[in-house]
Amino acid sequence: MIQIENLYKKFGKNEVLKNLNLSIGAGGIIAILGPNGSGKTTLIKSILGMVVPNKGTIAISGVSIKNQWKYRREIEYLPQIANFPGNLKVKELIRMIKDLRERPSEEEVLISLFGLKPFLDKRLSTLSGGTKQKVNIVLTFMFDSPLIILDEPTTGLDPAALIRLKKLIQNEKEKGKTILVTSHIMQFVEEVADEIVYLLEGNIYFKGSIHDLKLKTDQTDVERAIATLTTANA
Amino acid sequence: MLKILKYSFYDLVRSRWSYAYFLFYLGLGFVLLFLNNDVSKAIITLMNVIIVLVPLIGTIFGIMYYYNSKEFTELLLAQPIKRSSIFLGQYLGVAGSLTLSLVFGLGIPFLLYGLLRSDAIFDFSLLLVTGAFLTFIFTALSFNMGLSNENKIKGFGYAVLLWLFLAVIYDGLFLMSLIVFEEYPLDTFSIVATTLNPIDLSRILILLKLDISALLGYTGAVFKTFFGTQQGFFISIFMLILWTVLPIWRLIVKSKKKDF
């Protein structure tokens with residue numbers, strides 16, 4: 001599904017990604033983990049074409065994404081910080097994104113699932129962080145695309161919404177979609193992820209299943225295993 | 001691109017600043033016409049206002065819109081839309097709505113006053129055309145400043161400085177160099193220096209069309225023989241187009257390489 005070769009990116013003097021190689025097959029949920037500033041968001045934004053890498057290639061379904069934009073039709077992206085134009089109403093934002101993508105969408109189901117009906121006529125600047133994140137989730141999941149990228153999807157969600165989100169992610173996985181997800185909540189990762197990619201200082205330090213990770217670090221729970229990986233290199 | 005243009009345009013048309021700008025020109029048009037009681041004189045006064053104010057408003061609106069729509073831009077970047085379409089659409093939305101405010105704000109009072117029955121219609125259209133050019137030029141320049149500066153304060157500062165340079169400082173330097181080098185023939189120099197600044201170029205273009213170049217003395221005669229001719233007129237329009245196209249071109253190139 002995604003092939004990344006020798007990806008290199010620096011911001012000023014700060015080298016964020018150092019010749020990263022990664023291959024992700026179709027189907028399943030892949031968690032991209034790593035300490036703060038390890039390059040997770042930069043990697044995701046490179047796949048989306050929002051960050052232009054200095055060197056290296058990224059190919060999705062065998063086609064290089066350099067200077068392309070049509071491939072984004074096959075991607076849903078949930079940004080880390082839900083920044084929306086504040087003067088738009090929720091309803092208007094959903095209509096606008098639908099208009100821009102020109103794809104069939106099923107926002108009705110998602111709106112009622114997350115209880116967003118009362119907020120449809122409110123301006124985005126008046127919403128709370130958690131409600132904004134719910135709007136963010138609706139916008140991401142309302143289209144039917146084979147690749148879904150979620151950057152910190154759990155931020156600000158209440159437990160009920162979190163359960164619905166997990167169920168939603170599992171449903172999408174059963175449809176055979178590829179889902180990339182980053183999170184610092186290890187319990188969430190353990191519940192949803194099939195595979196873990198651990199980034200450290202701009203490179204892949206570990207790639208494998210949760211079981212492999214526990215074996216490698218000699219720990220019984222994921223949180224400790226990840227902490228061991230991080231401290232072993234600090 | 002048209003969809004982005006549509007959303008940016010609607011967003012701006014709904015904002016009260018566009019109305020304020022429109023009402024300002026509407027008021028200015030009415031006041032000038034009824035105080036002067038003469039279309040041609042009103043056009044000269046308007047020219048002096050437009051030449052300075054239009055670039056300033058274009059700069060400030062452009063840079064403010066660029067920074068304010070940062071979230072909108074980031075949302076769009078993850079969608080299947082070409083990068084150049086996003087920025088071009090937003091740029092055309094801002095420049096287009098400003099131009100509309102200008103054209104309607106000034107057009108309505110002049111039409112009501114009886115512009116169509118006077119022979120100043122060509123001068124008036126030239127005024128609106130140069131006003132539109134200046135809006136597109138300075139909005140594009142300010143978008144460039146925004147794109148090159150992550151820091152809002154810096155970007156805003158540079159954009160306003162650029163306006164100040166082209167509107168005020170450039171003329172000062174120009175005059176000083178004329179005084180310092182008065183021993184030398186300066187005809188070509190002054191013509192070239194004028195064409196290099198879109199504000200000066202617009203001013204000369206309108207002044208010469210209004211046939212008051214005699215007031216400018218010898219320099220006026222030099223300008224008249226250059227800009228007054230058909231060829232000079234087309235060269236000036238060409239320079240204004242170049243001034244518009246170059247910043248737009250840089251906007252596209254720069255936006256392709258930027259990280260978000």
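## Helix packing, core and interface

H2(B) and H5(B) run roughly parallel to each other, since their axes meet at an angle of about 25° and lie 8 Å apart. Roughly parallel means an angle under 35 degrees; over 145 is roughly antiparallel, 65 to 115 roughly perpendicular, and the rest oblique. The axes are lines fitted to C-alpha atoms, for helices over the stretch in contact, with angles from 0 to 180 degrees between N-to-C directions. This is a predicted model, in which local features need pLDDT of at least 70 and side-chain atom pairs count only at pLDDT 80 or more, while totals for chains, interfaces and linings use all residues. Residues are numbered from 1 along each chain as its sequence is written, and chains are lettered from A and ligands numbered from 1 in the order in which they are written.

Stay with this pair. H5 of chain B spans residues 83-113. H2(B) contributes residues including B:Tyr21, B:Phe22, B:Tyr25 and B:Phe30. Facing them from H5(B) are, among others, B:Leu98, B:Leu102, B:Phe104 and B:Phe110. Contact here means C-beta atoms, placed from the backbone, within 7 Å. By class, this contact has 15 nonpolar, five polar and no charged residues. Nonpolar covers Ala, Val, Leu, Ile, Met, Phe, Trp, Tyr, Cys and Pro; charged covers Asp, Glu, Lys and Arg; the others, Gly among them, are polar.

H2(B), residues 16-36, also packs on H3(B), residues 39-68. Here the angle is about 160° and the axes are 9 Å apart. That makes H2(B) roughly antiparallel to H3(B). This crossing too is right-handed. B:Tyr21, B:Leu28, B:Leu32, B:Leu33 and B:Asn36 of H2(B) meet residues of H3(B) including B:Leu46, B:Val49 and B:Ile57. The classes are eight nonpolar, two polar and one charged.

B:Thr130 is buried, because 25 other C-beta atoms lie within 10 Å. The cut-off for buried is 20 or more such atoms; exposed is 12 or fewer, and partly exposed is in between, with C-beta atoms placed from the backbone. B:Thr130 touches B:Ser202, B:Leu205 and B:Ile206, leaving aside residues up to four places away in sequence. B:Leu205 is 75 residues from B:Thr130 in sequence, yet 8.6 Å away, C-alpha to C-alpha.

Now the contact between the chains. Chain B provides 16 residues and chain A 17 residues. On chain B, H1 (2-14) and H4 (70-77) each supply at least two. H4(B) gives the most, five residues. The chain B side has eight nonpolar, two polar and six charged residues.

In the largest nonpolar core, of 131 residues, A:Ala31, A:Val138 and A:Ile149 touch the most other members. Such a core is a set of buried Ala, Val, Leu, Ile, Met, Phe, Trp, Tyr and Cys residues joined through C-beta atoms within 7 Å. The contacts of A:Val138 include A:Ile94, A:Leu110 and A:Phe114.

Two loops of chain A deserve a look. A:Glu102, between H2 (90-101) and H3 (107-113), has a positive phi of about 50°. A:Glu102 is exposed, with 10 other C-beta atoms within 10 Å. A:Glu152 sits between strand S7 (147-151) and helix H5 (159-174). Its phi is positive as well, near 50°. A:Glu152 is partly exposed, with 18 other C-beta atoms within 10 Å.

Notes:
Contact = placed C-beta atoms within 7 Å. Helix = DSSP H or I, 4+ residues; strand = E, 2+ residues; numbered from the N terminus. Left-handed = near helix turned anticlockwise from the far one by under 90°.
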